[in-house]
Amino acid sequence: MLKDKKILVLLISFLLVLTACSQAGEDDPRDLADQPYERQEFLLGTLVDISVYDQGQEEALDKAVDRIEELDGIFSMTNPDSEVYAINEASGKEPVQVSDEVYYVIENALDYAAISDGRMDPTIGALTDIWGIGQEDAQVPSQEEIDQALPLVNYENVELDEEAKTVYLTQEGMKLDLGAIAKGYITDQAKDVLVEEGVTTAIVDLGGDIFLLGSSSRGPQDNWRIGIQNPFDERGEIVGLLPVMDEAVVTSGIYERLITGENGQEYHHILDPETGYPFDNELAGLSVAAATTMDADALATVLFSMGLDQGMEYASSLEDVTAVFITHDQEIYVSEGDASEFELLDESFDFKGDSLD
């Protein structure tokens with residue numbers, strides 16, 4: 001099963017604030033802005049929710065869901081028929097030929113691994129397996145188990161052959177876990193299917209990896225307004241709003257997929273490939289808006305792993321990317337140049353804008 005770093009549903013990560021006018025035609029009396037065509041399925045180990053706001057485009061939902069199921073089949077870590085499963089089974093033995101899509105996602109994952117100095121590492125599967133966070137058998141592993149898994153985590157031990165389209169994990173026991181990027185890619189692919197079918201306004205939500213197609217259902221010039229989850233409160237409680245249009249939003253946070261150790265300490269799901277334990281820095285939550293969900297997905301992990309100072313600096317260097325950082329001290333920072341877009345709603349938080357001073 002594809003590991004999902006945001007296994008909880010939409011209400012944990014975001015509240016979509018949708019106020020709207022009718023787009024329905026004469027043959028459908030309902031207000032599509034308030035009652036869009038919608039499909040919900042449990043796929044990729046998470047809740048998939050797709051809403052379409054174009055009249056007469058209900059069938060496009062089926063095609064988008066079919067595409068998600070198809071891609072789940074090739075990116076799954078546990079399905080013996082999947083390409084990722086085959087790569088992991090052949091670790092230390094031989095290269096595996098893969099589809100263009102799998103090759104493309106792995107290639108991008110390795111690029112982000114290099115950008116983050118290995119803090120987002122697609123070979124982290126040996127560690128995610130022993131933690132099992134998000135699974136029924138999740139538990140805090142022993143130090144011995146972590147010590148045995150750590151040498152198997154090294155993105156530099158992945159060999160790609162572009163001409164042959166092969167992927168080789170050079171050390172036996174290595175495992176790819178593409179949970180930090182593949183779900184974003186699949187979200188983009190589902191969105192592309194809708195566009196090909198003529199859909200102009202839609203929300204594609206794969207367990208918190210969200211693409212908001214077109215402008216808001218309120219009208220052609222209106223932004224969607226995304227509610228940013230309060231990482232210290234109940235699900236659906238938001239700290240502010242971020243306007244977006246025709247782009248993706250993805251979040252990471254310490255409040256998702258928690259497990260508790262024997263000492264009562266809570267552990268979140270974003271594992272540090274260097275220590276084998278969850279990242280421990282000043283960040284409690286992070287939301288990223290970008291042109292593609294794959295980039296937003298990967299950047300959510302990359303920026304979280306960097307921490308506040310380095311994460312802010314890197315996010316501010318990127319075009320068409322907005323990052324909202326929430327610290328344990330209830331301070332909110334927004335990447336440079338984007339602070340004016342964020343609207344604070346919870347006055348118990350200290351909005352710092354794009355200043356780290």
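## Basis of the description

Two strands are taken as paired if DSSP finds at least two bridges between them. Helices (H or I, at least four residues) and strands (E, at least two) are DSSP runs, numbered from the N terminus. The model is predicted, so that local features need pLDDT of at least 70 and side-chain atom pairs count only at pLDDT 80 or more, whereas totals for chains, interfaces and linings use all residues. Residues are numbered from 1 along each chain as its sequence is written, and side-chain values use heavy atoms, with hydrogens and water left out.

## The nine-stranded sheet

An open sheet of nine strands runs in the order β2-β3-β7-β8-β11-β14-β15-β16-β18, with mixed pairing. At its edges lie β2 (37-43) and β18 (350-353), each of which pairs on one side only. On average, neighbouring strands are turned by 15 degrees against each other, direction ignored. Strand β16 (residues 331-334) pairs with β18 in the parallel sense over three bridges; I332 has F351 of β18 as its bridge partner.

Helix α2 (residues 59-75) packs on this sheet and touches β2, β3 (46-52) and β7 (202-206), contact meaning heavy atoms within 4.5 Å. The direction of α2 makes about 15 degrees with that of β2. Axes are lines fitted to C-alpha atoms, for helices over the stretch in contact, and angles run from 0 to 180 degrees between N-to-C directions.

Buried denotes under 20% relative accessible area, exposed over 50%, and partly exposed in between (1.4 Å probe, protein chains only).

Strand β4 (residues 96-97) pairs with β6 in the antiparallel sense over two bridges, and V96 stands opposite V167. Strand β5 (residues 158-161) also pairs with β6 in the antiparallel sense, over four bridges; E159 has Y168 as its bridge partner. β5 and β6 form a hairpin with four residues between them, and K165 in the turn has a positive phi of about 55 degrees.

## Nonpolar cores

A nonpolar core is a set of buried Ala, Val, Leu, Ile, Met, Phe, Trp, Tyr and Cys residues joined through side-chain atoms within 4.5 Å. The largest has 87 residues, and F75, L303 and F325 have the most contacts inside it. Helix α8 (residues 293-316) supplies the largest share of this core, 13 residues. At least three residues come from each of domain 1 (32-58 + 66-73 + 199-353) and domain 2 (78-169), with bounds from an automatic or database domain assignment.

Leaving aside neighbours within four places in sequence, the contacts of F325 include L283, L303, M312 and I332. A second, separate core of 19 residues includes L242, I326, I332 and A339.

## Helix α7

Helix α7 (residues 182-196) has 15 residues and should span 21 Å at 1.5 Å a residue; its end C-alpha atoms are 21 Å apart, which agrees. The expected span is 1.5 Å times one less than the number of residues. Because 12 of its 15 residues are buried, α7 is largely enclosed by the rest of the structure. Among the buried residues are Y185, I186, V193 and L194. Their cover includes β3, α2, α4 (100-115), β7, β8 (209-213) and α8. After α7 comes G198, whose phi is positive, near 95 degrees.

## The loop at S142

S142 lies in the loop between α5 (125-131) and α6 (143-149), and counts as partly exposed because its relative accessibility is 34%. S142 and W131 are 11 residues apart in sequence and 9.6 Å apart in space, C-alpha to C-alpha.
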